[in-house]
Each structure stands twice: as C-alpha cells, then as structure tokens.
Amino acid sequence: MSDDEFQTARQARTIGVVIAMTMILWMGAQLFGASLGLPPRLVFVFDAAALVVFAWALVATFRIWQKRRDRRK
C-alpha cells in the first residue's frame, strides 16, 4: 500500500468517524432539547450544525472518490 493510498484510507476513516459522531451528538441534542424544553430556535442551531458537518463529509467523500478515480486512469 503506497503512502498516498494510506493517506486516502485514513481520510475515509476520519470522515466515517465524523459522520457517526455527528449523528450521535445530533440525536442526543434532539433528545435533550425536547426533554429540557429548549426553545426551537436553539434546537435549530444543532440541526444547522449537523447539516454543515454532513455537507463537509459529502464534499470530502466526493473528493476522495475523484482522487481514486483519477488514480485508476
């Protein structure tokens, strides 16, 4: 496995961990937000933050896919 492939695999694992942690934290924020009676505007901030992280993960995953596709050519 070359150094570039190792780095790509590491980036993919990082993206996977970020997605999983974001999901867990987002679901926890929804649960605690409802049980604590937080205002919907504050809960919306958690939703927006999760969407930003998911958008980043999508872009990063797309870039990895492009890099691997270009490497095969």
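This is a predicted model: local features need pLDDT of at least 70, side-chain atom pairs count only at pLDDT 80 or more; totals for chains, interfaces and linings use all residues.
Biologist: Happy to start with the helices: how are helix 1 and helix 2 oriented to each other, roughly parallel or roughly antiparallel?

Modeller: Good place to begin! Helix 1 and helix 2 pack at an angle of about 165 degrees, with their axes 10 Å apart. Angles over 145 degrees count as roughly antiparallel. The two helices are therefore roughly antiparallel.

Biologist: And what is the handedness of the crossing of helix 1 and helix 2?

Modeller: Helix 1 covers 3-36 and helix 2 covers 40-72. The crossing of these two helices is left-handed.

Biologist: Which residues make the nonpolar surface patch, and what is its area?

Modeller: Helix 1 and helix 2 each supply at least two residues of this patch. Its members are L31, F32, L36, L38, L42, V45 and F46. Together they make a nonpolar surface patch of about 660 Å².

Biologist: Let's pick one of them: is F32 buried or exposed?

Modeller: F32 lies in helix 1 and belongs to the nonpolar patch. Its relative accessible area is 52%. The cut-off for exposed is over 50%, so F32 counts as exposed.

Biologist: What about T61, is it buried or partly exposed?

Modeller: T61 sits in helix 2. Its relative accessible area is 39%. Buried means under 20% and exposed over 50%, so T61 is partly exposed.

Biologist: One last thing: what separates the C-alpha atoms of T61 and I15?

Modeller: Along the chain, T61 and I15 are 46 residues apart. In the model, the separation of their C-alpha atoms is 7.4 Å.

How values were computed:
Residues are numbered from 1 along each chain as its sequence is written. Side-chain values use heavy atoms; hydrogens and water are left out. Patches are made of residues with over 30% relative accessible area and no salt bridge: like charges are joined within 9 Å, nonpolar side chains (Val, Leu, Ile, Met, Phe, Trp, Tyr) within 5 Å. Accessible areas come from the Shrake-Rupley method with a 1.4 Å probe; for residues, only the protein chains shown count as cover. A salt bridge is a side-chain nitrogen of Lys or Arg within 4 Å of a carboxyl oxygen of Asp or Glu. Helices (H or I, at least four residues) and strands (E, at least two) are DSSP runs, numbered from the N terminus. Buried means under 20% relative accessible area, exposed over 50%, partly exposed in between (1.4 Å probe, protein chains only). Axes are lines fitted to C-alpha atoms, for helices over the stretch in contact, and angles run from 0 to 180 degrees between N-to-C directions. Angles under 35 degrees count as roughly parallel, over 145 as roughly antiparallel, 65 to 115 as roughly perpendicular and the rest as oblique. A crossing is left-handed if the near helix is turned anticlockwise from the far one by less than a right angle, and right-handed if clockwise.
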